[in-house]
Amino acid sequence: MGSEFRLSDLAARIGAVVVGAGEVVVSGVAPIEEAGPGQVTFLANPKYQGFARDSSASAIIAREPVPGSRAAFLVSDNPYHAFACVIEAFHPPAVSVPGISDRAVVDPSSRLGTDVTVAPFVSIGEGAEVGDRTVLFPGVCVGKGVSIGPDCLVYPNVVLYPGVKVGARVVLHAGCVIGSDGFGFAPTSDGFRKIPQVGIVEVEDDVEVGANTTIDRATLGVTRVCRGAKLDNLIQVGHNVVIGSGTAIAAQAGISGSTRIGSRVMIGGQAGLAGHLEVEDGLMLGAKCGVPDSLRASVSRVWSGMPAMPHPTWLRMAILLPKLPELFRRVKRLEEGKKTRRGK
Amino acid sequence: MGSEFRLSDLAARIGAVVVGAGEVVVSGVAPIEEAGPGQVTFLANPKYQGFARDSSASAIIAREPVPGSRAAFLVSDNPYHAFACVIEAFHPPAVSVPGISDRAVVDPSSRLGTDVTVAPFVSIGEGAEVGDRTVLFPGVCVGKGVSIGPDCLVYPNVVLYPGVKVGARVVLHAGCVIGSDGFGFAPTSDGFRKIPQVGIVEVEDDVEVGANTTIDRATLGVTRVCRGAKLDNLIQVGHNVVIGSGTAIAAQAGISGSTRIGSRVMIGGQAGLAGHLEVEDGLMLGAKCGVPDSLRASVSRVWSGMPAMPHPTWLRMAILLPKLPELFRRVKRLEEGKKTRRGK
Amino acid sequence: MGSEFRLSDLAARIGAVVVGAGEVVVSGVAPIEEAGPGQVTFLANPKYQGFARDSSASAIIAREPVPGSRAAFLVSDNPYHAFACVIEAFHPPAVSVPGISDRAVVDPSSRLGTDVTVAPFVSIGEGAEVGDRTVLFPGVCVGKGVSIGPDCLVYPNVVLYPGVKVGARVVLHAGCVIGSDGFGFAPTSDGFRKIPQVGIVEVEDDVEVGANTTIDRATLGVTRVCRGAKLDNLIQVGHNVVIGSGTAIAAQAGISGSTRIGSRVMIGGQAGLAGHLEVEDGLMLGAKCGVPDSLRASVSRVWSGMPAMPHPTWLRMAILLPKLPELFRRVKRLEEGKKTRRGK
């Protein structure tokens, strides 16, 4: 806000090449439908090429210049990454003033690093540890024996149950709950008997967890979200699940107990995975798919549908579903034709 | 509680016509299965007509009298609306005593209107504004620069991230999160790079948002919930989504980034919409449907299924799905018949 | 932690029979893949029998000894229940030190039982009651007139709206919201008119509710979760729903308004039930199923699919779905064969 850059300076900063007027001064960033003079914008989706042609933006970040556009181009191999850098140039992250609010309750046996921020109404339990420069927003509850690494952002009203371990540079969005009891009950003749859930959750470095997502503690052992995984909002992660490094999971997906997701997996919104199964590294699971069994890369890299099937199969199937009534009629006609012939 | 009305007075108050004994005194309201003498009830669903006939309620709100019932009728063109008015007559909304709790933390640079209620454990950030008569329940977190209009109810533990704008008469239920980061990450050779999410959320007048629903801030620009839209619990609204005015969305639905929902749209529970698509005004989307592409009213007004198809097509398809095994057998029989004939 | 048992003593404690060396001393419990000498483990899933054979655990809880295993066996008719008892033997539940934090806000008209724990940042409203030995963790909000029974655990940031009734030995996990308004709006010519939601929620004895689950109050009357029901995380329970005793519901399922679920029903994750329907006692509903109508045990005890159909039908259908494109081709071939014959 208020910052200005010559386009050539901005290009150098983000590792892009200017095609066009490098001396132009830009003072902000905007979506491609809205960007005007003095602003930088970003062409991600090829279906927005028309916007690029008509845009009055001063500069457009793209993989290559769009013919017919008046704008200058910031050409980058990874325009999405360059775009991230440009946004950050204009909107440097808010810096919080470190300090411990006297409206927080911090157990004397806990250990806080340097330059930690503890907002009002935060509670920090017995023996908990909070790393350097980590920010705990209002209403965060840090249970007994929890450890949180350095440079984390823990947004308002996040709950970390006792014993949970969180790595460095982790972002936990508002209302997410880490370490609640796994869903385990033994049926007995007079109702359910709770299986005590005495394991923990480990959230490794560079993970981000969305708002109101829930990650259950292990029955025994560890529920683990590995390094660099990104979880969206309202996701359910069951007890003893392992989510591999660099895996991304969209909102409202659910992963049942003891399932193991590999590294760099992409899971679509509202997908559901049964328990005790494995998803191999690098697979993609479509939105709303339902996965009853383990998925192997050797069968398909992309899976969709309920129950999940290879994506190309699903695509063909999905086009034909609405034609099912017609197919029934055609089969009936064939049967009647047969009868007629027989009847002759 | 404790209030009594002559039926004729109640009818006048709610704009209904009495058919039957207007001088009867009623002192409460109850569901049709339970209502007894002295109580008013409500016939919404025609399948409950049997209850209306047998009811010992003193009065029934309905579009027209039910023959054979002993009750008086409060006849209204919009019985559901009339019912709302009757409930309110017997249960006037709780009035909170305005005041700022000394257990709240209110930044001195924030501006609070008249007769605002700020409960204990509320935090109000730098430069935030809260309109007249708005009630902030315990544990609400109002971020830096947030503005909230007059006559809002913000239930316990709601989180408003910095910069969020909320209109007048908005109801935000417990635990909902407005303005958390959109889910945007650029893949790079060493993992994901976060796209800073620097836009905001605007929640316009007369919107209601359910418990634990999450509405993400825009990457750039605005995520917007337009005037009079009603969102149920546990809904996910992605970054840069627009939800039109008067649109109603049932629980656990999810709307991916940059999708635009028209006005007066109805979306069923657990429905899922992909990103960057449009849903035209007035459409209805069935529960659990999955929408991969934009939906046009000219094709169908009601959509169902995964992937979504016109509702009448879905209905026919859905009836036939369980008969698919039979269809395979019938086709096999036809093929065998052909072979037999060929074999001859 | 630190506790040790002779196997024969442990067996007596949990009601199991030792097959093997009863004098061995065990000092911990671990999952079957990880358990080593000195540890007890548990064989639930027959597909883990290989682990049992190879395990170096000192003892394995199972329905019967696994031939070829070196371990001793703790044989039990209900190994899952025995396992729960063993975990508890090694990990006795944490005992909280009762007391009322001076950082909590407790209305003077409320009534707290003996040995209640009220953590910092808890608010307890006018006329509320909290039973003996119940623990309210930080940030819990207990509304006006709420009653909570004895021996409950109410985890951080749970919200109980006014008038909600909670029984004895109830566990409410972090962030769950009990008693938010049902989703009821009457359409009028100028937008929606809210139907006041003036009923309550009753959560009976021995219920457990998962993190961030939402249970709406009744419009009139009661939304009821009956004795011993277990709800996982992120579930939606609409207004006026009844959930029978001993029913278990997996994460992210949703139950629409006025639906009645019987006793000892099992509902899979992400299942969705429409409103105003009934599910009979003892039924099982598969993950992700969609239920548009009432379900009867006389038709099927297990239901799956969208729309829900008897599970055996669904299984056969689901296997054939990916073959739908092939079926279309086969029917086309039959039609062409017919034409050819006709053309002759």
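**Close-up 1. Contact of helix α1(C) with helix α3(C) in a predicted model.** In this predicted model, Leu10(C), Arg13(C) and Ile14(C) of α1(C) meet Ala82(C), Cys85(C), Val86(C), Ala89(C) and Phe90(C) of α3(C), where contact means heavy atoms within 4.5 Å. Sorted by class, this contact of α1(C) with α3(C) has 7 nonpolar, no polar and 1 charged residues; Ala, Val, Leu, Ile, Met, Phe, Trp, Tyr, Cys and Pro count as nonpolar, Asp, Glu, Lys and Arg as charged, and the others, Gly among them, as polar. Helices (H or I, at least four residues) and strands (E, at least two) are DSSP runs, numbered from the N terminus.

**Close-up 2. Crossing of α1(C) and α3(C).** Two packed helices are described by the angle between their axes and the distance between the axes. The axes of α1 (residues 7–14) and α3 (residues 79–90) of chain C come within 9 Å and cross at roughly 120°, the axes being lines fitted to C-alpha atoms, for helices over the stretch in contact, with angles from 0 to 180 degrees between N-to-C directions. Because of this angle, α1(C) is oblique to α3(C) (under 35 degrees counts as roughly parallel, over 145 as roughly antiparallel, 65 to 115 as roughly perpendicular and the rest as oblique).

**Close-up 3. The helices α1(A) and α3(A) of chain A.** In chain A, the axes of α1 (residues 7–14) and α3 (residues 79–90) come within 9 Å and cross at roughly 120°. Leu10(A), Arg13(A) and Ile14(A) in α1(A) meet residues of α3(A), including Ala82(A) and Phe90(A).

**Close-up 4. Chain B against chain C.** Here 56 residues of chain B are in contact with 63 residues of chain C. About 4800 Å² is buried between chain B and chain C, and carbon and sulfur atoms give 68% of that area; buried area is the accessible area (1.4 Å probe) that two parts lose on being put together, summed over both. On the chain B side, Phe121(B), Lys288(B) and Phe328(B) lose the most area to chain C, together 13% of what that side buries.

**Notes.** Residues are numbered from 1 along each chain as its sequence is written, and chains are lettered from A and ligands numbered from 1 in the order in which they are written. Local features need pLDDT of at least 70, side-chain atom pairs count only at pLDDT 80 or more, and totals for chains, interfaces and linings use all residues, while side-chain values use heavy atoms, with hydrogens and water left out.
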